[in-house]
Amino acid sequence: MKKVIALALALVMVLAFAACSKAPANDKKTFTMGIDAEYPPFSYMGDDGEYTGFDVEICKACCDLLGWNFEIFGVNWDEKLVQLDANECDCVWSGMTILDSMKEAGYVISDPYFKNDQVILVKADSDIKGSADLKGMVVAVQLGTSGETLLNEELTDLTASFKELVTCDSFLKCFAELEGGSVDAVVVDKPVAVARANENKDLVVLDEILGTEEYGIAFRSGDEQMCKDIQGAINTLVENGTYAKIAEKYPDIDAANLVFLNK
Amino acid sequence: MDLMTMVLKMSEGLGKTCAIFFLTLLFSLPLGMIVALLRRSKNKIVSNVTRFFISVLRGTPLMLQLIAVTYGPYYLFGLTVSRNKLIPVVIAFAINYAAYFAEIYRSGIDSMPVGQYEAAEVLGYSKVQTFMKIILPQVIRRILPSMTNEIVTLVKDTSMAFTVSYQEMFTIGKQIANSQTSFMPFIVAGVFYYVFNAIVGFAMGKVEDKMNYYEM
């Protein structure tokens, strides 16, 4: 019995040490990027198990340019601003929609870099051809996304015409509901919808655009300089063509919606 | 992403899941005993304060307690949030589970017949001796099945650490699932949890056998 306990305690200690994070190797400035690791193609876990995505690659390139150490912190999207406040990351940069309430709360917000359209994803054999056909239908949307805000706060008349609005806690669950036939349509960001429709030929993205928001990067209040540094680095990347090169790697992101490439 | 990479990536998280599990048990088992004894205190103030403590911890979601322990100190006192998330996570889990364990301990202690205390007193045992040598071994034997229940639940509750961005196994599984639009990580997670709990169940069964010294 004592041996078992000793073994268990030894295991606990090993695990406790293993779980401790390592300190950075040098004293360069470390920039911690806060991402939602469940948001392809902007930020997600790649095939090799490393975090990647359009936002992640741009941020990495910015840090290389500025000579900063680059680190990633996976935020819990519902609490992203709490985690930013608490210094767990230096920015939230992950396909984040700029809200007026963020500016009012004092966060420093970068220039918008992406125009995001909200679209409707349906089954290819569905009779739904536009938002008018959603009357009496069951519609799914991800909790805490701009799609949800749009339906619940702006397009309230449209939402009222639904039979039911289902909120899921991830895109994957919304899609599973749609493919499984328990909902008739999903309201979602265009790049995500396009990526899904490319993978599953039974789904189509409707042309109608329900609403448009802009993506930006959020910094803590008082970090204006950091925001300027990053903004400057992005401008350099746009000028030397790196930005466009990275964008090409993500065909699901419509280049026409990337603000910096269309100035 | 092939299955191997997926399993490897999630195994990394499994180490963190194990860390929460073992550290929570390490702290909450003794803490629960202290709470149980305070709860049984003859001093009305002490027992009522403990009763209130238990009711708050059992009456609010663990998810809320995790957020409160992790971000509460920052918002109330401006303290920095620990970079090593294991610390707040284990504190929240240990306090929460201590409250549950305390009630299990109490049920065990209260189930002991008064006659045993009286017999021990006649035999000249001190109060501490009576508790440690006579009562506690029997209590442990009686409460083992309910403890196994609670410990199995703890294995599954570790997934709640995602609330404060602690990258344990299920958090990584969800990230892979949404990045690769695949349900496979959930199946892998299910297998991981099941095997983990099968081991816990087996170990607790062994302990129960060991404690069955009255039966032939």
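**Exercise 1. Which strand of chain A pairs with strand β1 (residues 30–35) in the parallel sense over six bridges?**

Start with the ground rules. This is a predicted model, where local features need pLDDT of at least 70 and side-chain atom pairs count only at pLDDT 80 or more, while totals for chains, interfaces and linings use all residues. Residues are numbered from 1 along each chain as its sequence is written, and chains are lettered from A and ligands numbered from 1 in the order in which they are written.

Step 1. Know the terms. Helices (H or I, at least four residues) and strands (E, at least two) are DSSP runs, numbered from the N terminus. Two strands pair if DSSP finds at least two bridges between them. Strands of a sheet pair through backbone hydrogen bonds, either parallel or antiparallel.

Step 2. Find the partner. It is strand β5 (residues 69–74) of chain A. One bridge links F31(A) to F70(A) in β5(A).

Step 3. Look for another partner. β1(A) also pairs in the parallel sense with strand β6 (residues 91–97) of chain A, over two bridges. Here M33(A) has C91(A) as its bridge partner.

**Exercise 2. Give the strand order of the open sheet with three strands in chain A, and find its edges.**

Step 1. The order is β2-β3-β4 (chain A), with antiparallel pairing.

Step 2. β2 (38–39) and β4 (51–52) of chain A each have a single partner strand, so they stand at the edges and one side of each has no neighbour in the sheet.

Step 3. Check one pairing. β2(A) and strand β3 (residues 43–45) of chain A run antiparallel and are joined by two bridges. Y39(A) is bridged to S43(A) in β3(A).

Step 4. See what packs on the sheet. Helix α7 (residues 169–180) of chain B touches β2 and β3 of chain A. Its direction makes about 110° with that of β3(A). Such angles, from 0 to 180 degrees, run between N-to-C directions; axes are lines fitted to C-alpha atoms, for helices over the stretch in contact.

**Exercise 3. Work out how helices α6 (residues 127–157) and α8 (residues 184–211) of chain B pack.**

Step 1. Chain B has eight helices and zero strands.

Step 2. Read the geometry. The two helices pack at an angle of about 170°, with axes 10 Å apart. That makes α6(B) roughly antiparallel to α8(B). The cut-offs are under 35 degrees for roughly parallel, over 145 for roughly antiparallel, 65 to 115 for roughly perpendicular, and oblique for the rest.

Step 3. Find the contacts (C-beta atoms, placed from the backbone, within 7 Å). Residues in α6(B), including I140(B), L144(B) and I151(B), meet residues in α8(B), among them Y193(B), F196(B) and V200(B).

Step 4. Size up α8(B). It has 28 residues and reaches 41 Å from its first C-alpha to its last, close to the 40 Å expected at 1.5 Å a residue. Its buried residues are P185(B), V188(B), A189(B) and F192(B). Their cover includes α1 (3–39) and α7 of chain B.

**Exercise 4. How many residues does each chain bring to the contact?**

Step 1. Chain A brings 32 residues and chain B brings 29 residues.

Step 2. On the side of chain A that touches chain B, α1(A) gives the most, with seven residues.

Definitions and conventions. Contact = placed C-beta atoms within 7 Å. Expected span 1.5 Å × (residues − 1). Buried ≥ 20, exposed ≤ 12 C-beta atoms within 10 Å, placed from the backbone.
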